[in-house]
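Here is a short briefing for a first look. Keep the sequence and the 3D view side by side as you read.

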Amino acid sequence: SLYDNNRLRGPLVKGAESDFATLDKEVQAELNKIKAKGGKIVLLSSTKASPSLNQLVADFNTSFGNVEHVVYDAVSEDAALNAFEKMYGHRALADYDLGKAKVIVSIGADFLADWQGGGFEAGYAKGRKPKNGKMSRHIQFESNMTLTGGNADKRVIVKPSEQLQVVSKLYEAIVNGKKAGSTPVDDAVNKAVAQIKNAGSKAVVLTGDQDENAQLLVLAINAALQSEAMDTVNTKNVRQGNTAKVNDLIKAMDAGSVDGLFIADVNPVYSLANGDKFAEAAKKVSLTVGFDMSANQTTEVCQYVVAAPHYLESWGDVSIKKGSYGLIQPTIKTLLKKRQLEDTLIKWMCSEHTYYDYIKNFWQRNLLGGKSWNKTLQEGTLQVAAEEVSSEVNELDLAAASSALSGAKSAEMELTVYTKTGL
């Protein structure tokens, strides 16, 4: 929290309390050495969805060369992002307006809680008003009891392995016309398929399975239905983590191929399954800088730590949904000796500007189109016509994806692991 006594009170240099003058001098000297030899610098952060930060990283790359931004989310949507990228050619999450759906079939997607960042409950409620003569049909296949399952018209309890099989059976029935078998789960699938086909484009299928094949098939089902509820043009940026790139980073650090590492607002040593390997690999990097509000397992392996401000002390911008932009402004002056990641990068580029100056200039050049900065700052949000992106579906071997899911092995006892909504 803002007044947490355990927050870092200022920068750390080699584990000892210091000041920004000392930290900046030493880090800039190391950065110049890395630049001179053409070394690689990596910024590892959580999803920021910040257009100005993206540009700032590009500017930092211009100044120092060979700079890469890798995004890591402890609660990841990597499977859904990979599937969308394969099918539509760019990495994003489809958005869903459940108010447009007459039939909603969910396989383990807790969309009334925090599935894919949440925000779907308003659309869902819009279609669930019987007094207005409008009531969508909601069918939930799931292993774990969820808020969404508790609100479903029909909740079908299945094993984790059966969730994957249900996705395959829905795909085969809707896209290829193959009816499911005769087990109780198959019967529920066949009944769901009949309702989906009856609703046509007014139906939508969702899945919370962290499996790329499952995510691919669900996208294919909705594309075949031409679902009005799924939006593949105005996509969401609420999660951008890339597991493959994080794994590549660990390998590169271990091989001595990374010369500078900045870690911002993530604790991979704690949250990664192979966090110990990350910690060991980070020791082989000549310059490591952590940006965090509090000391943690990751800042312990960093040579330098920049005490980061609370978001209520910070400037920023976001684009959570394509074409929609928001400004973040502080409600209180920064407490103690803190400095934002963005202000720090600007400082290390030997600029006298602040991040506020940078955001203002960025928005005036790229987004405002002559509109008043002060008025936009007061309103806090801005809508910009989204760049046209093809919604054409790429040709993929979906038969192989379906086969992989249908072959999911079941056991007498299975374990389902989930992220609590509070996290």
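How many of the 6 residues of strand E9 (residues 137-142) are buried? The count is 5 of 6, so E9 is largely enclosed by the rest of the structure. Buried means under 20% relative accessible area, exposed over 50%, and partly exposed in between (1.4 Å probe, protein chains only). Helices (H or I, at least four residues) and strands (E, at least two) are DSSP runs, numbered from the N terminus.

This is a predicted model: local features need pLDDT of at least 70, side-chain atom pairs count only at pLDDT 80 or more, and totals for chains, interfaces and linings use all residues. Residues are numbered from 1 along each chain as its sequence is written, and side-chain values use heavy atoms, with hydrogens and water left out.

**Around E9**
- Strand E6 (residues 103-107) runs parallel to E9, joined by 5 bridges. Strands pair if DSSP finds at least two bridges between them.
- Serine 106 has glutamine 140 in E9 as its bridge partner.
- Strand E10 (residues 154-157) also pairs with E9 in the parallel sense, over 4 bridges.
- There, glutamine 140 has arginine 155 as its bridge partner.

**The open sheet**
- 7 strands form an open sheet with mixed pairing, in the order E2-E1-E15-E14-E13-E3-E4.
- Strand E2 (16-17) and strand E4 (67-71) stand at the edges with a single partner strand each, so one side of each has no neighbour in the sheet.
- E2 runs antiparallel to strand E1 (residues 12-13), with 2 bridges.
- Leucine 12 has glutamate 17 in E2 as its bridge partner.

**Helix H12**
- H12 packs on the sheet, touching E3, E13, strand E14 (287-292) and strand E15 (304-307). Contact means heavy atoms within 4.5 Å.
- Helix H12 (residues 341-348) is mostly covered, with 6 of its 8 residues buried.
- Among the buried residues are Leu341, Ile346 and Trp348.

**Helices H6 and H7**
- Helix H6 (residues 160-175) packs on helix H7 (residues 184-199) at about 40°, with axes 10 Å apart.
- That angle makes H6 oblique to H7. Angles under 35 degrees count as roughly parallel, over 145 as roughly antiparallel, 65 to 115 as roughly perpendicular, and the rest as oblique.
- Residues of H6 including Val166 and Leu170 meet residues of H7 including Val189 and Val193.

Note on methods
Axes are lines fitted to C-alpha atoms, for helices over the stretch in contact, and angles run from 0 to 180 degrees between N-to-C directions.
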